[in-house]
Amino acid sequence: MLNLVIKNGGNNLMTNATGREQLHKRNLNLVLQQIFNNGIISRIDISHTLNLNKSTVSALYNELDEKGLLQEVGSGQSTNVGGRKPVLVKINEQYGYTISFDLGFRHLHVMGNYLSGEVFYYQRIELGSRDIQKILGMIDHQIKVSMQNDQTKRGLLGIGFSIHGIVQDNQVINSPFIDMEGVDLVELYSTKYRVPVLLENEANLSGVYERDFNDGKDKNNIIAISIHKGIGAGIILNRQLYRGVNGEAGEIGRSLMFTENFTGSKNDKVEDFCSEDAIIEQVEVQTHQENLTREDIVQRNRAGDKVVQSELKHFTYAISRVIYNVAISFAPQELYLNSPLIEDIPTLFDDIVDNAQKLGMKIPIRLIPHSGYATLLGCCSLLTHRVLDMDEYDLTFTSQK
């Protein structure tokens with residue numbers, strides 16, 4: 001019997017083995033990234049792009065194929081000198097799906113996405129009550145329905161939550177609109193469904209959406225300002241989401257601002273003037289009406305209501321200055337607005353851009369279309385990165401209609 005004793009060389013052998021494993025994992029992820037980002041591609045194109053030999057790419061391809069992640073979709077053109085036509089491949093969207101929830105103030109938004117990012121399900125559910133236990137019941141029902149109708153290979157792959165509050169290390173730190181009552185969403189749903197569960201701030205998710213689905217694909221530094229009940233900014237620096245200390249980066253709604261009647265004794269916040277709630281509150285005070293909604297503001301503006309139009313003018317004046325300050329502080333390549341109110345009244349966007357340009361702002365401002373989907377698609381992206389174990393890799397998704 002041969003007894004093999006490894007002395008001084010043991011650590012080197014282990015290091016070399018670890019190095020080979022890391023290189024293999026890196027190459028595997030690079031091949032998967034090429035397939036994901038190109039939509040449809042051949043192995044020979046992957047080999048040329050990554051400068052890897054054909055046999056290495058084939059071995060990595062086979063490994064991904066055995067997991068069920070790939071789908072062959074036909075043959076490409078042969079070369080000028082003939083030979084076999086290359087096999088074309090794409091991500092197997094039927095490998096599995098993710099489901100994302102936006103915990104809004106009045107509605108629960110739900111979206112199901114295949115692995116490719118394609119949307120196959122969307123619902124907007126009236127909350128009625130902001131009782132977290134009732135909301136959890138709605139969430140469980142939606143997950144149950146998705147699982148009953150699932151026809152994918154692996155089924156549910158991950159669950160994500162868009163939080164209108166501060167999130168740090170995958171935990172809700174502050175939720176101003178919904179009392180979480182100590183509920184740990186990650187513990188609850190990862191235990192119940194045995195899949196990854198991700199939580200992220202809704203403004204951050206708007207930034208991720210622009211980076212991975214929309215116009216920000218080819219930009220390294222962008223900011224998405226989300227204007228809903230509150231105001232927040234999703235900051236993408238060097239293509240990475242910047243959360244700051246305690247997850248509080250981008251909480252621009254809590255910034256202090258000077259008003260025309262400032263006396264030095266009042267701490268006015270940006271969201272006291274520039275949020276949807278601020279507009280609604282001012283209209284309610286002046287019209288002596290209660291329980292107005294965004295839809296009421298839109299309808300009154302369309303009808304020529306002078307009170308509403310005056311408040312909207314104040315809003316565009318104030319928010320343009322907020323945007324200007326954010327832009328000169330971070331100098332992004334582009335700045336995006338995520339606002340259902342502005343989307344419903346497009347002239348507001350024109351006024352905001354005009355005001356910002358008069359202040360000297362040269363950075364382009366874009367309006368995110370279909371703002372209700374932005375945070376859910378951003379959540380889908382983060383989940384897909386996590387499911388594929390590719391958090392450090394750029395994945396670009398096809399824009400969803």
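Two strands count as paired if DSSP finds at least two bridges between them; the views below show a predicted model.

**View 1. An open sheet of three strands in the predicted model.** The strand order is β1-β3-β2, and the pairing is antiparallel. The edges are taken by β1 (41–42) and β2 (70–75); each has a single partner strand, so one side of each lacks a neighbour in the sheet. Helix α3 (residues 54–66) packs on this sheet and touches β2 and β3, its direction making about 120 degrees with that of β2. Between β2 and β3 (residues 87–91), which run antiparallel, there are five bridges. Glu 72 has Val 89 in β3 as its bridge partner.

**View 2. Helix α12, residues 346–358.** The 13 residues of α12, at 1.5 Å a residue, should span 18 Å, and the 19 Å between the end C-alpha atoms agrees with this. The buried residues of α12 are Leu 348, Phe 349, Ile 352, Val 353, Asn 355 and Ala 356. Down the helix axis, the buried residues of α12 fall within an arc of 165 degrees, so they line one face. An α-helix has 3.6 residues a turn, so residues three or four places apart point the same way. Pro 346, Gln 357 and Lys 358 are exposed on the other side of α12. The cover over the buried residues of α12 includes α10 (306–330), β14 (334–338), α11 (340–344) and β15 (365–367). Gly 360 follows α12 and has a positive phi, near 105 degrees.

**View 3. Salt bridges around Lys 219.** Lys 219 forms a salt bridge with Asp 218, with 3.0 Å between the closest N and O atoms. Asp 218 counts as exposed because its relative accessibility is 61%, whereas Lys 219, at 16%, counts as buried. Another salt bridge joins the side chains of Lys 219 and Glu 334 (3.8 Å, N to O). Glu 334 lies in strand β14 and Lys 219 in the loop between α6 (202–212) and β11 (222–227), so this pair ties together parts 115 residues apart in sequence. With 6% relative accessibility, Glu 334 counts as buried.

**View 4. The salt bridge between Asp 277 and Lys 229.** The closest N and O atoms of this pair are 2.3 Å apart. Asp 277 belongs to helix α8 (residues 276–287) and Lys 229 to the loop between β11 and β12 (231–237), so the pair ties together parts that are 48 residues apart in sequence. Asp 277 counts as partly exposed, at 26% relative accessibility. The structure holds 16 salt bridges.

Note on methods: Residues are numbered from 1 along each chain as its sequence is written. This is a predicted model: local features need pLDDT of at least 70, side-chain atom pairs count only at pLDDT 80 or more; totals for chains, interfaces and linings use all residues. Side-chain values use heavy atoms; hydrogens and water are left out. Helices (H or I, at least four residues) and strands (E, at least two) are DSSP runs, numbered from the N terminus. The expected span of a helix is 1.5 Å times one less than its number of residues. Buried means under 20% relative accessible area, exposed over 50%, partly exposed in between (1.4 Å probe, protein chains only). The arc is that of the directions from the helix axis to the C-beta atoms. Contact means heavy atoms within 4.5 Å. Axes are lines fitted to C-alpha atoms, for helices over the stretch in contact, and angles run from 0 to 180 degrees between N-to-C directions. A salt bridge is a side-chain nitrogen of Lys or Arg within 4 Å of a carboxyl oxygen of Asp or Glu.
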